[in-house]
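Please keep the sequence and the coordinates at hand while reading.

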Amino acid sequence: MAIEHHTVVVIGGSQAGLSASWCLKQRGIDHVVFEKDRVATNWLNQRWDAFCLVTPNWQCTLPGFSYDREFAGTDPDGFMLRDEIIAYIQAYRARFDPPLREQCGVRSVKRQGSAYAVETDEGSCTADFVIVATGGYHRPKIPRSGGQLPADILQLHSSTYRNARQTGDGTVLVIGTGQSGCQIAEDLHLEGKKVHLAVGSAPRAPRNYRGRDVTSWLVDMGHYALTVDDHPQREGVRRKANHYMTGRDGGREIDLRRFASEGMALHGRLKDISGAKIGFEDNLAANLDNADATSARIKNEIDKWIAEHGIDAPVEAPYVPVWTPNETPLAIDLEQENIRTVVWATGFSTDYGWLDVPALDDSGYPDHWRGVSKRAPNLYFLGLPWLWTWGSGRFSGVGQDAAYIVASIAEGRSGLERRIA
């Protein structure tokens, strides 16, 4: 029996894979999309109940399916909640009916002559080109020190946290202050839970400034169009933590100092765990100051932009800290603080163990330029944060990346056909 062959195999059927499929379909390129679960499953299973976007809905511009036009969304300046995000992706799938095979995971990808052999849950196929659109958040990352916690402590990763009811009657320790950690800490705080928060070095950003959502200013200023090649940190920007803010209740910035003034206990970065004893680094004040400095820098850039372009915008008073650390303890006892739950907001690691192709660098990260593999011919990556621009891992930029990759495939396919002829 002949093995099924496709010009392109797309691995991953969420927003990145669907964007690639739309672009391929527009060019009439034969392809198939393999999705190990269901469309938008990760949005359902790895996000908490009150999760929402941190960028405005008007930035949701998947290829051929913008929020306001094709999706007919009515709140472009709002922030879609988890279930609305799922509905948006599912509606996109229904819009153009991609050649999608759900609940069909890819077990391996190997080079086979000038093509690729792809082993799936349903059997084997071959492809001339492969697009890996699985994103960069594969495996929840929990420090080994978590194994030192007492057995009766409930441990949740940000991907398994749903709501405050999960945490019972006790106090909660949240470790990590990227976007997820800060938003989960706020969610618990708003539900009346006593929260301890281990504060890391993630920067914060204002939500609104001088009459507009900051995202609008940054788009006008070209920040979302800035490429990795043009960024001062070059590829190092991919390792930076995202600025924390929230789209909750119409959008607001997150000020950890305000949480502290309302009773949340803040600590420095997690240092060590020894049973019920939790140690923290002595860097809380520095981490808060640095986060505030980043927010101030963004505001200063906006001020400069407004002045240079003669824009009429309201003036805002400078930020004044509402709370400062004063002899914050460098260690706490879980029993004394009645902490019964620890939430690890410590991110994810990548897992390309199924990719049996020399396409990764020494750290296990895809070695690529603008999604085109530097090491493996006709192999592409899509949906990674900062794949090319700030918007690459978001609804705002993944379509641009997909269009570039598919254009590269179209060019490569023409060359392949000429060689065969």
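**Overall form**

The model is a predicted one, and the protein in it contains eight helices and 24 strands. Its radius of gyration is 23 Å, close to the 22 Å that the globule rule gives for 421 residues, so the protein is as compact as a globular protein of that length. Taken along the principal axes, the C-alpha atoms fill a box of roughly 75 × 60 × 40 Å. Of the 421 residues, 52% are buried, while the accessible surface comes to about 19300 Å², with 47% of that area belonging to carbon and sulfur atoms. When contacts between residues at least 6 apart in sequence are considered, 71% of them join residues at least 24 apart.

**The second largest pocket**

Rolling a probe the size of a water molecule over the atoms shows where empty space is left. The second largest pocket holds about 640 Å³ of space, and among the 26 residues that line this pocket, H223, H231, K240, H243 and W390 are the closest to its centre. Helices α5 (214-220) and α7 (284-308) each supply at least two residues of the lining, and the largest share, four residues, comes from α7. By residue class, the lining of the second largest pocket comprises 13 nonpolar, eight polar and five charged residues.

Where do S19 and S108 lie, in a helix or in a strand? S19 belongs to helix α1 (residues 15-26), whereas S108 is placed in strand β6 (residues 106-112). The table gives the relative accessible area of each residue.

| Residue | Relative accessible area |
|---|---|
| S19 | 0% |
| S108 | 16% |

Both values fall under the 20% cut-off for relative accessible area, so S19 and S108 each count as buried.

Not counting residues up to four places away in sequence, S19 touches L62, P63, Y92, V398 and A402. With neighbours within four places in sequence likewise left aside, S108 is in contact with A117, V118, E119 and W354.

Definitions and conventions. Residues numbered from 1 in each chain as written. Predicted model: local features only at pLDDT ≥ 70, side-chain atom pairs only at ≥ 80, totals over all residues. Heavy atoms only, no water. 1 Å grid on protein atoms, 1.4 Å probe; cavity = no way out; pocket = protein on both sides within 12 Å on 5 of 7 lines; lining within 4 Å. Points joined across faces, edges and corners; volume = space filled by probe spheres on them. Nonpolar A, V, L, I, M, F, W, Y, C, P; charged D, E, K, R; others polar. Rg over C-alpha atoms; globule rule 2.2 N^0.38 Å. Buried < 20%, exposed > 50% of the residue type's maximum accessible area, 1.4 Å probe, protein only. Contact = heavy atoms within 4.5 Å. Areas by Shrake-Rupley, 256 points an atom, 1.4 Å probe, with all protein chains shown as cover.
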